[in-house]
Amino acid sequence: MRRVASAGRDSPRLRRLWLSDRPAVRAFFLRLDPETRASRFMAAVNDRMAASYAERATVMSGMVIGAFVDGELRAVGELRPFGSGQAGGRRAEVALTVERGFRRAGLGSMLLRRLAEAARNRGIAELRLRCLSHNVAMRRLVTGLGAELRLDDGESEGAIPLARATPLSLWREGIETALDFHLAVATLPLPPPLVRAA
């Protein structure tokens, strides 16, 4: 976080992304360099594939949180529920993508903590995260939250156990969601003025 602020930039602002944010999400994925895209999708992804994914990202099951710096979307965190674990608890997968030039500023950590709270409030008992084995920053972030990583064929996979929701965590998310919605509405372009018929 210090590095983002010291470069003359505003503090990052996190908020949930909605369908109206689709153009910003598309622009974000298209700006990503090939290495960052490969880290996010675990394979090489061209512009057409990145744009196609971005078009669906905010309407797929789960939720998407964005980190904005100086009003521009610079990092995206995704929460995608996918079923039950061994003990019957629901599980979800998390994906984090931070644009080059905005890394090591705390954005990934902020996104992961926000998504973890959203997940526990939805009864999810375990968050799973996959990354390429050479993605040291992501591995460090996940192990810092208590996950044990397993290396397998060039990939790392970890699971973060989540506590149950509390009245405080539910209240906090409710406030954040209301604020997110108002911020999203405030950034919508104004409609053109109505022209009266003569």
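Is Glu99 buried or exposed, and what is its relative accessible area? Glu99 is buried, at 9% relative accessible area. Buried means under 20%, exposed over 50%, and partly exposed in between, with a 1.4 Å probe and protein chains only.

The views below show a predicted model, in which local features need pLDDT of at least 70, side-chain atom pairs count only at pLDDT 80 or more, and totals for chains, interfaces and linings use all residues. Residues are numbered from 1 along each chain as its sequence is written, and side-chain values use heavy atoms, leaving out hydrogens and water.

**View 1. The protein chain in overview.** The protein chain has seven helices and seven strands. Both are DSSP runs numbered from the N terminus: helices are H or I with at least four residues, strands E with at least two. The order from the N terminus is α-β-α-α-α-β-β-β-α-β-α-β-β-α. Of the 198 residues, 41% are buried. Among contacts with a separation of 6 or more, 63% join residues 24 or more positions apart. Contact means heavy atoms within 4.5 Å. The accessible surface is about 11,500 Å², and carbon and sulfur atoms hold 56% of that surface. Accessible areas come from the Shrake-Rupley method with a 1.4 Å probe; for residues, only the protein chains shown count as cover.

**View 2. Glu99 and its partners.** Glu99 sits in the loop between β4 (90–98) and α5 (107–121). Its side chain makes a polar contact with the side chain of Arg31, at 3.0 Å. A polar contact is a pair of N or O atoms within 3.5 Å; within protein, one must be able to donate a hydrogen and the other to accept it, and residues adjacent in sequence count only if both atoms are side-chain atoms. Beyond four places in sequence, Glu99 touches Phe28, Arg31, Leu32, Leu73 and Arg74.

**View 3. Thr97 in strand β4.** Thr97 belongs to β4. Thr97 is buried, with 2% relative accessible area. Residues up to four places away aside, Thr97 touches Phe28, Leu32, Thr36, Arg40, Arg74, Ala75 and Val76.

**View 4. Ala92 in strand β4.** Ala92 also lies in β4. Ala92 counts as buried, at 0% relative accessibility. Ala92 and Glu126 are 34 residues apart in sequence, yet their C-alpha atoms are 6.5 Å apart. Among the contacts of Ala92 beyond four places in sequence are Leu79, Phe82, Ile124 and Glu126.

**View 5. Leu111 in helix α5.** Leu111 is part of α5. Leu111 is buried, with a relative accessible area of 0%. Its C-alpha lies 7.6 Å from that of Leu14, 97 residues away along the chain. Beyond four places in sequence, Leu111 touches residues including Leu14, Ile65, Val76 and Leu96.

**View 6. The largest pocket.** The largest pocket holds about 930 Å³ of space. Its lining has 34 residues; Leu96, Val98, Asn135, Ala137 and Met138 lie nearest the centre. Two or more lining residues come from each of α3 (34–41), β3 (72–84), β4, α5, β5 (124–132) and α6 (136–144). β4 gives the most, with six residues. A pocket is an open set of points on a 1 Å grid over the protein atoms alone, where a 1.4 Å probe fits and protein lies on both sides within 12 Å along at least five of seven lines; lining residues have an atom within 4 Å of a point. Points join across faces, edges and corners, and volume is the space filled by probe spheres set on them.
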